[in-house]
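Subject: A structure for you to explore

Hi there,

Here is the structure I promised to pass on to you. Have a look at it first, and then read on for what was found in it.

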Amino acid sequence: MVKGHALMTSRMSRFLVIILLLLAALLRTHDLATLPLGFSDDEIINIRLVDNVRQGDIFVFYPDEDGGREGAYHVFAAFMTSLVGEGTIGFRISSLWLSLLSLAIIYTLGNHLFNPIVGVLAAGLVAVNMSSILLARTVSSDAALLFLVSATMLALARSLPVYRRTRVVTSNIVSFAALGALLGIGFYLHPSSLFIVLGAMLYIAHLLYVRNVMIRQRRSYTGFAILLMLIISMPYLISSINLPQYSAGQRILAHYDDGLLRSIADGLLALVANGDANPLHNLPGRPLVDAFSGLLMLAGIVICALRRHRPRFMLMLIMFLVTLPAALIVDSSPNFARMTVVMPQLAIFFGIGFYALIRTPIFVDVIFRHMAVAGVLLLLAINVVWTWSDLFDDWRDNEAVVPLVNGGLGQIAHYLDTVAYEAPVVFCNSAWDTDAPEQVLSLSDKTLLMMNRSNFAFREADCSLSLLLANGGEKQRVVFFDAAMLDGLHPYILEWLSHGQWVSGNLPRDTVIELEAAQLLADRAGAFTTTAPLSYAPEVADPEPIAPPIRFGGNLTLLGYEPDIERSYLPGDAVDVITYWRVEGDFLPDIILKNHILSDPVTAIGIRDVISVNPLLLRERDVFIQVTQVNLRETILPGNYIVAVGAYRQSDQERLPALKDDQPHGDRIFLYDIEVLPLPESDESGG
């Protein structure tokens, strides 16, 4: 191993790479929680798979619409989130640490193959590369590619002879074990691992059969590494045979008939010209590297081609050329996320090209050498400023980025992180009680994934027909995840919300409202005692009016109902029953409210059993207003009908008793009468 160089000692190079690692850490961790604001739909799928791993569901492939997803990255992310927590920081930390570790490996690889100057330059290029920084902030197995390919190349370089003369030393079994393990585990990380393994096998074949420089001992160790790879990858191979539609080979081959030549041309042009147009991978229009760095990379490739008879240069060429199809033959080429598979090679080519430049005769002069050092420092500074401006200003504010990363939900999540304990929060989520599959997440579920508080407490309600007043109407925040949700609110709920104030600032418009309605609620409940009389069921008491509130079993109290509503309807109309309920203690998790229209005390001609708030999240003193729309039959006869309410447990259909002096007194309460009018003559004749 080269210990140093006349132009840079190993100690100096280690000092410089530490500076670069600190710079890389700054670029990758600055505003990590809010840049990007949220998670893309693809990241959310990966996060759900991480949750599956934590529950013990570990598979070789996870089925997906575009084929399958390897599971090793999700296992690693599950381990990391168990240590640091979830949220935008917790889910991104795995990719961040892999990115920083990859930088150290790239420096070590360049130093080991060539010299410290090449290692430092290669690490510096990747440290300030915007695409690599974005990938370090992404919950995706693409983030593991940089680590996988750089670590595999380092294991190859340390295990096998990469210099002209084979050193007579004892082979390091640890290096061969690491090589076999990396090649085997790579199958479970990313489909591009097939190309990485192929490149490694071709390089071994080149040394073994073409140059024949390997001693017998290293042949046996190489066989051990290959055997270890096969043992580790055996479940993957078996799964690929049994489930070919999910295998990496199937997904890769699917792209070969989709404009192969154009895909390659677009990918190569993106390196220094057009860039990746996908805002998730890049600021549209920005190339992968600057033009000067691209020229040095090209020079490095040419130098490796000219010196291909040397194993270390051949290692670079083989790993670059074999993995290049994985970078170029992809959907919607160019794709900078997939180009990560050639990023370590390109970075080292850059270092080789620059090193060859300063080795030319003109740089023998000390002044020109100093100019070269100043030039590379200037190039680094330009890239830092360029990346900082593009990432933290232009990319952050790019209109195309926000919807792709669910940025509106991310803004809400960040806001809730900062005000979580100031007042109760009510989520307006009409899907809290749907039968949608578990993998279909509601907007509130996605928002919770983006929050960095694991103990965040909230309530949940379908605000289109219900309003939950936490702690008896004290100050609270009501969250609408989409301003369009306001269009579907019942007018009665809108009237209550008009007493609140919309929160402005770094939030989507009309998404969070602060509401303090304790006094208004107290006034309404007080008025019910005189304006909204009730009665117990006639089978247990005379139908005499009584004043609310009335307690039910299960720590539920009926505060009253809204009396000033329409009382006359036509057949087929929907009757609005507006009731107020209060939680008195530990609440049953499966309570359903009964809303019946009765033609007599026992015959129901209109039924709607529903609860519009999530009972699992209710707390003592919470009050919820529920608007229940009970549809009348088209064939209902004109006349007077009774509105009755009650409650029961969904699990066993057990009705909750209405209480009088803490004793059961029937299981329903009669509210008021409604009148069904006959249809107009024209409607009757039309029917």
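Predicted model: local features only at pLDDT ≥ 70, side-chain atom pairs only at ≥ 80, totals over all residues.

Two or more lining residues come from each of the helices α1 (10-29), α5 (116-127), α15 (343-358) and α16 (366-395). Which element gives the most to this lining? That is α16, with nine residues. As for the kinds of residue in the lining of the second largest pocket, 21 are nonpolar, four are polar and one is charged.

Next, the cysteines. As a reminder, a disulfide is a covalent bond between the sulfur atoms of two cysteines. How many disulfides does a search of the whole structure find? It finds one, and this disulfide joins Cys 428 to Cys 463, with an S to S distance of 2.0 Å. Cys 428 sits in strand β5 (residues 425-428), while Cys 463 is in the loop between β6 (459-461) and β7 (466-469), so the pair ties together parts that are 35 residues apart in sequence. Is the disulfide left-handed or right-handed? The torsion about the S-S bond of Cys 428 and Cys 463 is about -80 degrees, so the disulfide is left-handed. Both of these cysteines are buried. Another cysteine to look up is Cys 304, which counts as buried because its relative accessibility is 0%.

Strand β5 also leads us to a neighbour in the sheet. β5 and β8 pair in the parallel sense over four bridges, and here Val 426 has Val 478 of β8 as its bridge partner. Strand β8 (residues 476-480) is also joined by four bridges to strand β10 (residues 512-515), and these two run antiparallel. Val 478 turns up again in this pairing, where its bridge partner in β10 is Ile 513. Is β8 mostly covered or open? It is mostly covered, with five of its five residues buried. Gln 476, Val 478 and Phe 480 point one way from the strand, whereas Arg 477 and Val 479 point the other way, and all are buried.

Last come the charged pairs. Side chains of opposite charge can pair when their charged atoms come close. In this structure the count comes to 18 salt bridges. One of them is between Arg 524 and Glu 495, whose closest N and O atoms are 3.5 Å apart. Arg 524 belongs to helix α21 (residues 518-531) and Glu 495 to helix α20 (residues 491-497), so this pair ties together parts that are 29 residues apart in sequence. Glu 495 counts as partly exposed, at 32% relative accessibility.

Arg 509 and Asp 510 form another salt bridge, with 3.2 Å between the closest N and O atoms. Arg 509 counts as exposed, at 69% relative accessibility. Finally, salt bridges that share partners join Arg 48, Asp 51, Arg 54 and Glu 86 into one network.

Enjoy exploring!

Best wishes

Conventions. Residues numbered from 1 in each chain as written. Heavy atoms only, no water. Salt bridge = Lys/Arg side-chain N within 4 Å of Asp/Glu carboxyl O. Buried < 20%, exposed > 50% of the residue type's maximum accessible area, 1.4 Å probe, protein only. Nonpolar A, V, L, I, M, F, W, Y, C, P; charged D, E, K, R; others polar. Disulfide = S-S within 2.5 Å. Pairing = 2+ DSSP bridges.
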